[in-house]
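Hi everyone, thanks for coming. Today I'd like to walk you through some charged side chains and who they pair up with. Let's get the structure on the screen.

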Amino acid sequence: MTLPTAQTPKERSTKWLATKGLRPTRQRLALAELLMGDGKHRHVTAESLFDASKDISEAVSLATVYNTLRAFCDAGLMHEITVDGSKSYFDTNTSEHPHFFWEDTGELTDASTERMEITNLPSAPRDAEIASVDVVIRLRRT
């Protein structure tokens, strides 16, 4: 997906929501502006987005952040990446790509697909198909 081009962060965020037909409520717009206002992709947790939202004029609760991130994922604006089975990150880059998870900082970053090959996947069970493959490469600093 190409990022919407617009002049102001508010316009860019409004267009981002409109690409998937999401109603631009005040809170969705405020969170969308934090996520896409500068036109750059990012990885966030609900908690990090909630913390960032404290600096904006539109008050949002942590529950609203979770619900909004879920709505953005359901609409196809973001992907959820689960690390350790309990920590979820939300990525505004919806193309299929691998990630690095930095164990020391808890940061999730994009990894290059330049040399990556996924081969010899197991067969899907009967009456199922593989929808996608998520790759999270855990890193530890030396």
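**Salt bridges in the model**

Let's begin with E80, which is partly exposed, at a relative accessible area of 30%. Please keep in mind that we are looking at a predicted model.

Which residue does E80 form a salt bridge with? The partner is R70, and the closest N and O atoms of the two are 2.7 Å apart. This pair links distant parts of the chain: E80 sits in strand β2, residues 79-83, while R70 belongs to helix α4, residues 62-75, and the two are 10 residues apart. R70 also counts as partly exposed, with 36% relative accessibility.

As a bit of background, side chains of opposite charge can pair when their charged atoms come close.

Now for R138 and E103. Their side chains meet in a salt bridge too, with 2.9 Å from N to O. R138 lies in strand β6, residues 136-139, and E103 is in the loop between β4 (99-102) and β5 (107-110), so this pair ties together parts that are 35 residues apart in sequence. R138 is partly exposed at 39%, and E103 is partly exposed at 28%. There is also a network of salt bridges here, linking E103, R138 and R140.

One more pair to find on your screen: D51 and K54, whose side chains form a salt bridge at 3.5 Å, N to O. Are these two buried or exposed? D51 is partly exposed, with a relative accessible area of 42%, whereas K54 is exposed, at 55%.

And how many salt bridges does the count come to? The count is 6.

Terms used: Residues numbered from 1 in each chain as written. Predicted model: local features only at pLDDT ≥ 70, side-chain atom pairs only at ≥ 80, totals over all residues. Heavy atoms only, no water. Salt bridge = Lys/Arg side-chain N within 4 Å of Asp/Glu carboxyl O. Buried < 20%, exposed > 50% of the residue type's maximum accessible area, 1.4 Å probe, protein only. Helix = DSSP H or I, 4+ residues; strand = E, 2+ residues; numbered from the N terminus.
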